[in-house]
Amino acid sequence: MMKELLTGLGRHVREELLAYADRGLARQVHGDSPGGDAQFDVDEIAERAVLDYLRENAGIPLAVYTEDGSLVELAPDPRYVLVVDPIDGTRPTSAGLEMGMVSIAAAPLTTASPTLADVTAAHLLEIKSGAWIYGDDEEGLSSSGYRHGLPRLSRTTDPARMFWSIEFNGHPMHLMNAAYGHLVDRSANTGGVFVFNSATFSISRIITGQLDAYVDIGNRVLRDHPRTEAEFLAAGRGSILHLFPYDIAAAVYLAKQCGVTITDAYGDDLGTTALLDLDPMNQKSCIATATPELHKHLLDAIRWDIPATATTPTTGDTA
């Protein structure tokens with residue numbers, strides 16, 4: 001029942017987005033999400049598609065929590081909450097690139113404050129290709145559209161040879177460079193460094209074996225160095241933009257099912273993350289790797305003690 005609902009929802013959102021793209025309309029920003037991220041025209045199409053489909057097809061009492069609409073109860077006394085990012089990777093989706101995904105996680109509403117550890121089913125669907133990954137507590141993992149069975153984790157342990165993705169949206173560039181610029185230099189030629197603007201796509205590429213690691217450390221940098229808050233706010237146009245629960249709820253669940261080593265940037269489990277809270281203190285960092293050895297290397301190699309000069313931009317760097 002849950003698999004049919006989640007995969008059907010993903011298909012419907014994709015169909016609506018492809019139909020919209022076929023009309024050739026220009027990408028536009030129409031406002032901000034409750035968390036402060038810019039909302040494009042495609043976001044509005046996807047958000048509407050989620051609610052339309054669930055109102056017509058949900059066979060059980062549901063609540064849905066989306067990036068733009070927050071919590072909506074579709075029936076009295078909902079038994080489950082679906083945490084949905086209708087497009088994780090809005091910018092690549094708007095550009096017609098491959099890195100946009102529909103992300104859906106399901107958790108029973110046995111408590112008023114469900115956490116990521118409560119997720120029991122998850123679905124990721126590639127908007128451009130239609131390939132998908134699904135998993136739940138009862139049936140395990142299934143997938144479609146990939147040339148090989150999943151998971152297909154790499155065995156990479158050496159940071160110099162890793163293919164990895166990093167995140168910059170809402171992250172001051174000079175701070176990220178101070179923290180892991182040396183790792184970019186070390187791996188850019190003998191490995192590969194990518195910026196996909198989608199946490200779910202990045203984590204799913206570890207499951208498919210295309211990437212060895214995904215790193216988003218902005219939230220730890222801010223927590224360790226509160227003096228950088230103004231710079232994060234400037235980069236986020238007045239909001240702190242780190243990993244929201246809807247960004248990672250499905251991807252973390254599926255990654256764990258597949259044996260990916262995935263934690264926050266302190267090396268702590270992400271399961272305590274509240275699913276329905278966008279507060280900056282509930283936002284997260286993430287380090288995900290195909291091997292535990294590579295995960296340890298990254299935790300040890302990233303420069304967490306950022307020098308004071310790195311937190312003082314040169315003239316003209318910020319408004």
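1. A residue counts as buried when its relative accessible area is under 20%. The model discussed here is predicted.

2. Overall fold. The protein contains nine helices and 14 strands. Its radius of gyration is 19 Å, which agrees with the value near 20 Å that a compact globule of 319 residues would have. Along the principal axes, the C-alpha atoms occupy a box of roughly 55 × 45 × 45 Å.

3. Packing and surface. Of the 319 residues in the protein, 55% are buried. Taking contacts between residues at least 6 apart in sequence, 67% link residues at least 24 apart.

4. Charge. There are 43 negative side chains and 24 positive ones in the protein. The centres of these two sets are 7 Å apart.

5. Ala 249, burial. This residue sits in helix 8, which spans residues 245-257. Is Ala 249 buried or exposed? Its relative accessibility is 1%, so Ala 249 counts as buried, the cut-off being under 20%.

6. Ala 249, surroundings. Apart from neighbours within four places in sequence, Ala 249 is in contact with Val 83, Ala 105, Leu 116 and Leu 275. Asp 118 is 131 residues away from Ala 249 along the chain, yet the C-alpha atoms of the two are separated by 9.9 Å.

Conventions
Residues are numbered from 1 along each chain as its sequence is written. This is a predicted model: local features need pLDDT of at least 70, side-chain atom pairs count only at pLDDT 80 or more; totals for chains, interfaces and linings use all residues. Side-chain values use heavy atoms; hydrogens and water are left out. Helices (H or I, at least four residues) and strands (E, at least two) are DSSP runs, numbered from the N terminus. The radius of gyration is taken over C-alpha atoms; the globule rule is 2.2 Å times the number of residues to the power 0.38. Buried means under 20% relative accessible area, exposed over 50%, partly exposed in between (1.4 Å probe, protein chains only). Contact means heavy atoms within 4.5 Å. Lys and Arg count as positive and Asp and Glu as negative; His and the chain ends are not counted. The place of a charge is taken as NZ of Lys, CZ of Arg, CG of Asp or CD of Glu.
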